[in-house]
Amino acid sequence: RLLKMEEFFPESFRLDLKDGRKAFFKLCKEEQIWICKPSCSNQGRGIFLLKNLASVNTLQATLRGTEERLLKKRVPHEAPQARIVQRQRLKPGNSRPLLLEGKKSDVRSYLLIACTAPYTVFFAQGYVRLTCVNYDAASDDLTVHLTSQHVQKKNSLYSQLKDETVWRMEHFNSYVNEKFRKTNGLPKDWVLTVFTVRCSRYMLQCFLAAKHKLDLKLGYFDLIGRDFLIDENFKVWLLEMNANPALHTNCKVLRDIIPPVVHESL
């Protein structure tokens, strides 16, 4: 069964599409937390939070001004910079992200498109990324909300905590078994079984949706980084797909994990 996007992808709107902008600004009438991020970027560049109506109104005015300038230049076919806004309180029930030791986290997984003629794809789990400091939804500090190593480096505590910001999947599995298995009614080794199956299923569905856009040629391949978030109800959400995923080895766990990812891909 093909899943509907709302079953695994947080509520999101494209701001480069007129209908997407209109739908978002119509919906966003009360104070909620949204994250606004550009496409075709990485390392947290250009990302900011929308936490109140004032910030939403400012964004709306900026986009309207850009649209008016494009019309004056007689290039109405051009759109504002491709961006999406994504809800940070996850439906259903506006649940919060699952916190590990009080910190926000997500899981970096990999999709290897090994060949496009014929299609051959592989999935592998990577590692868990955590923030340096405890999660506070009201904070304006991006290092509280974004887990990427590039963003975490901007936190003053990173140098002393960097090895704590990345967990092996085995460590994560043991942690969930110990802390959440009984209270949440999870099967043993939920991370290595149920969670992994869901991640691979979401990846496969996204690949099937996009494969018609791929060039078909023997020798073409790509490694895609995929970020998954688990909410407090242990529902799994796909946050984004990353072309050219980071392969840095700036902490102990990454020095053990990243080289085999590169080697096995090749």
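Q: In which loop does Leu-15 lie?
A: The model is predicted, with local features needing pLDDT of at least 70 and side-chain atom pairs pLDDT 80 or more, while totals for chains, interfaces and linings use all residues. Residues are numbered from 1 along each chain as its sequence is written, and side-chain values use heavy atoms, without hydrogens or water. Helices (H or I, at least four residues) and strands (E, at least two) are DSSP runs numbered from the N terminus. On that numbering, Leu-15 belongs to the loop between β1 (12-14) and α1 (18-27).

Q: Is Leu-15 buried or exposed?
A: Buried means under 20% relative accessible area and exposed over 50%, with partly exposed in between (1.4 Å probe, protein chains only). Leu-15 has 0% relative accessibility, so this residue counts as buried.

Q: What distance separates the C-alpha atoms of Leu-15 and Ala-82?
A: Along the chain, Leu-15 and Ala-82 are 67 residues apart.

Q: How are α6 and α8 oriented relative to each other?
A: Axes are lines fitted to C-alpha atoms over the stretch in contact, with angles from 0 to 180 degrees between N-to-C directions. Those of α6 and α8 (residues 191-210) come within 10 Å and cross at roughly 115°. The range 65 to 115 degrees has its own class (under 35 is roughly parallel, over 145 roughly antiparallel, the rest oblique). That angle therefore makes α6 and α8 roughly perpendicular.

Q: Which residues of α8 does α6 meet?
A: Contact means heavy atoms within 4.5 Å. From α6, the residues involved are Met-169, Phe-172, Asn-173 and Val-176. Their partners in α8 are Val-191, Leu-192 and Phe-195.
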